[in-house]
Structure formats: structure tokens, C-alpha cells
Amino acid sequence: MKQQITKSQAEELCNKQGFSIETLGKMVEILPNPKTYNFTVENERQYAIKVLNVISNLKQKERDRVLARAIKLNKV
């Protein structure tokens, strides 16, 4: 048997096999369900294009400086 299972897997075992959450908790480590992300790679690409469009009239070094400043501001 696995050493670790997710909460959804534990609930599935409870429904199918008749275990209780407490019993499963003693047998294996029950981890929280993994997060799901709605921000896909395609979304990331589209937003990158939009951002670069705003600064497209700048030279390469100017864009580097502006983006570096934006990264610093984002960390605050």
C-alpha cells in the first residue's frame, strides 16, 4: 500500500472500501489535494505579448531596464 495518499484518494477509499478517515490516517499519511492552476502557458504567452506591445517602441536596452524595474516593483 502507498505511504502517502491525497485527501480525495482517501475519501474514495472510504466510499468504496468502508474505511474511515481516522483509520486511513493511522495507516498512511493523508496529504491535501494538489492545487490546480487556471493560468495556462497560453495565458502566459498572451500576456507577455500584451506587455511587450506596450514597450515595443523602446530600444532593447531600454526594454531591459523597464522590465528589470517592473520585476523589482513586483517583489514589493
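**Note on the predicted model**

1. Thr 6 sits in strand β1, residues 4–6. Strands here are DSSP runs of E with at least two residues, helices are runs of H or I with at least four, and both are numbered from the N terminus. This is a predicted model, in which local features need pLDDT of at least 70 and side-chain atom pairs count only at pLDDT 80 or more, while totals for chains, interfaces and linings use all residues. Residues are numbered from 1 along each chain as its sequence is written, and side-chain values use heavy atoms, with hydrogens and water left out.

2. Thr 6 counts as buried because its relative accessibility is 19%. The cut-offs are under 20% relative accessible area for buried, over 50% for exposed, and partly exposed in between (1.4 Å probe, protein chains only). Beyond its neighbours within four places in sequence, Thr 6 is in contact with Ile 30, Leu 31, Pro 32, Asn 33 and Pro 34. Contact means heavy atoms within 4.5 Å.

3. Pro 34, one of those partners, lies in the loop between β2 (29–31) and α3 (41–54). Pro 34 is exposed, because its relative accessible area is 61%. Its C-alpha atom is 9.3 Å from that of Lys 7, 27 residues away along the chain.

4. The largest nonpolar core has five residues: Ile 5, Ala 10, Cys 14, Leu 24 and Val 28. Such a core is a set of buried Ala, Val, Leu, Ile, Met, Phe, Trp, Tyr and Cys residues joined through side-chain atoms within 4.5 Å. Setting aside neighbours within four places in sequence, Cys 14 is in contact with Phe 19, Ser 20, Ile 21 and Leu 24.

5. The protein chain has four helices and two strands. Along the sequence, the pattern is β-α-α-β-α-α. Of the contacts with a separation of 6 or more, 43% join residues 24 or more positions apart.

6. The overall dimensions deserve a check. The radius of gyration is 23 Å, whereas a compact globule of 76 residues would have one near 11 Å. That radius is taken over C-alpha atoms, and the globule rule is 2.2 Å times the number of residues to the power 0.38. The C-alpha atoms fill a box of roughly 65 × 25 × 20 Å along the principal axes. Buried residues make up 9% of the 76.
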